[in-house]
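Please look through the structure shown below before reading on. The text after it goes from one part to the next.

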Amino acid sequence: MTSKRRPVTYTTDGVVVRTSNLGEADRIITLITPIHGIVRGVAKAARKPGSKMGGHLDLLKHVSVSVRETRTLHGLSQVSTVNGYRGLRDDLDRFSRGSYISEMAERFSVENGANQPLFRLLLDVLSTLEVSDNPEMAIHFYEMRLLQLSGFAPELSRCVESGVELEPANHLYSADRGGLVNNESRPVGETALLPASLNTIKLLRFLSRADIAQATAMKSGEDENRQLSRILRAQIHHVLDRGLRSEAFMDEVRTRPGHGNGIGRTTSDSSNE
Amino acid sequence: MPSSDIAPSAAPPVARLIEAFHRLPGIGPKSAQRLTYHLIRMPQDEAEEFAAAILGVKERVVLCDTCANIAEAVECTICGDLQRDSTRICVVEEPLDVVAVERARVYSGKYHVLHGVISPVNGVGPNDLKLRELLERLRDGTVVEVIVATNPNLEGEATAMYIQQLIGPLGVKVTRLARGLPSGSDIEYADDSTLAHALESRAEIPQRQTGTPE
Ligand SMILES: [Zn+2]
């Protein structure tokens, strides 16, 4: 007879979305996996130069790993890299977007909650982001699909206020109500209504049906992009109850044309000047 | 986090100390308990010395005005050392990294401690690091090379890229510590980025004059 509580060990694929140091040389790794949802585990001695695991268990890497379940932190071993996404590692813009994507995957995942579509989506978007010349649309595709997968698909054909079918025209978007609001039936006292032009609405509808290749082949204007970005983010903030930490850096990198030589002036430490 | 979670049955002063140890990096509940019970058995004078050492660190240690390394005065000993090469700055993440590079005894330039790395998922951006202070040091043209010695992981690399883009336009040379296979490791277990970097920064094996078979 074996002992009563034999530890469960399994091998899984996973994407590293968070790392932190533990003790002298260990590292705590957070992975998004297809079957086990979020998995947190310890990689022993992973920070030592000779570690067989350290190089594999870095952020934004798709790895295969053996997980030994314990009551607290699981033990990780036998790691190999499936895809290291090098394209996300030598470009600040792609790195910042990859960070946003992984943070969002973590926020939309739960421990022990199998979510194969979310995992598949994460891999698809990371590989696209690595090479695509339209990373903006890859991000919007991901935002839209995550909302759909988690049951918060934006309502884009009927007014969420009046229920009537929307005429092809400029309308508004309410993140609170989760969809478009007819310009005429604008609810009284509602403050958080975002503008949604006819072109933006067309883009939203397109994104809700397109696959990632179609989405990144779509070119859009500045104005539509800005509206799209505000609407999708507002909806995500509403679902998650707060913003994402990685947004600030992504926005900073994006708005530095030609990599300006100043550090952002938007922070609190401008007081000593 | 109430202390009762970690030491439910301990007397309040004991629980308080266990809780304090538990807040330190890398100390789990078991270690926190072990350290606490060790301190309880410690002679009074030793315990007082220990407490005084903790207070002394908080009272007397500051960050160097120039390099942000841990110092006892507004200028640290390295910045104040006139023998050291002031045309080179080695940029590191944490004060402990200065200690590590110093231990190698091959570098005689100055340092700059960032106190972190760019970590978007943790909400740490360039403005949270000592980058403004680094730019300030490059202003008078003394420094010719900035060696970026952040950790060779994604966030360390991203921080290095950011520094390169920040400093590059100033005409200062920006270099990065070479990355490759660690001594004593097996190629079989190397991850793809380590192997790629090792290949990129491969070096020619020097020709030997003696012992070549004809
Ligand atoms: Zn100093």
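This is a predicted model: local features need pLDDT of at least 70, side-chain atom pairs count only at pLDDT 80 or more; totals for chains, interfaces and linings use all residues.

Begin with the zinc ion. Which protein atoms are its donors? They are the SG atoms of Cys64(B), Cys67(B), Cys76(B) and Cys79(B), which lie 2.2 to 2.3 Å from the zinc ion. The angles that these four donor atoms subtend run from 104 to 115 degrees, so the arrangement is tetrahedral. Along the chain, the donors follow the spacing C-x2-C-x8-C-x2-C. Cys64(B) sits in the loop between β1 (62–63) and β2 (70–71) of chain B, while Cys79(B) belongs to helix α4 (residues 77–80) of chain B, 15 residues apart from Cys64(B). Both Cys64(B) and Cys79(B) are buried.

Next comes the contact between the chains. Chain B contributes 28 residues to it and chain A contributes 39 residues. Between them the two chains bury about 3,100 Å², and 59% of this is on carbon and sulfur atoms. On the side of chain B, the residues that lose the most area to chain A are Val121(B), Asn127(B) and Leu154(B), together 23% of what that side buries.

Charged side chains also take part in this contact. Side chains of opposite charge can pair when their charged atoms come close. How many salt bridges are there between chain B and chain A? The count is three. One salt bridge is formed by the side chains of Glu200(B) and Arg86(A), at 3.4 Å from N to O. In another, Lys61(A) meets Asp191(B), with an N to O distance of 3.1 Å. Lys61(A) lies in the loop between β3 (37–43) and β4 (62–68) of chain A and Asp191(B) in the loop between β6 (173–176) and α8 (192–200) of chain B, so this pair joins two chains. Both Lys61(A) and Asp191(B) are buried.

Now turn to the aromatic rings. A search of the whole structure gives three aromatic pairs over all chains. One of them, Phe95(A) with Phe249(A), is edge-to-face, with 6.1 Å from centre to centre and 70 degrees between the planes. Phe95(A) is in helix α1 (residues 92–107) and Phe249(A) in helix α7 (residues 247–254), both of chain A, and the two are 154 residues apart. Phe95(A) has a relative accessible area of 1% and is buried; Phe249(A), at 3%, also counts as buried. Phe249(A) pairs with Tyr162(B) as well: the ring centres are 6.5 Å apart and the planes are at 50 degrees, so this pair is tilted. This second pair crosses between chains, since Tyr162(B) is in helix α7 (residues 154–167) of chain B.

Glu136(A) forms one with Arg97(A), where the closest N and O atoms are 3.5 Å apart. Glu136(A) is in helix α3 (residues 135–149) and Arg97(A) in helix α1, so the pair ties together parts that are 39 residues apart in sequence. Arg254(A) forms a salt bridge with Glu136(A) too, at 3.0 Å between the closest N and O atoms. Arg254(A) lies in helix α7, so here the parts tied together are 118 residues apart in sequence. Salt bridges that share partners join these residues, along with Asp93(A), Arg233(A), Glu247(A) and Asp251(A), into one network.

Definitions and conventions
Residues are numbered from 1 along each chain as its sequence is written. Chains are lettered from A and ligands numbered from 1 in the order in which they are written. Side-chain values use heavy atoms; hydrogens and water are left out. Rings of Phe, Tyr and Trp (its six-membered ring) pair if their centres lie within 6.5 Å; planes under 30 degrees apart count as stacked, over 60 as edge-to-face and the rest as tilted. Helices (H or I, at least four residues) and strands (E, at least two) are DSSP runs, numbered from the N terminus. Buried means under 20% relative accessible area, exposed over 50%, partly exposed in between (1.4 Å probe, protein chains only). Donors are N, O and S atoms within 2.8 Å of the metal (3.2 Å for Na, K and Ca); water is not among the atoms, so sites may look incomplete. Four donors count as tetrahedral if all angles lie between 85 and 135 degrees; four count as square planar and six as octahedral if opposite donors are over 155 degrees apart and all others between 65 and 115; anything else is irregular. Contact means heavy atoms within 4.5 Å. Buried area is the accessible area (1.4 Å probe) that two parts lose on being put together, summed over both. A salt bridge is a side-chain nitrogen of Lys or Arg within 4 Å of a carboxyl oxygen of Asp or Glu.
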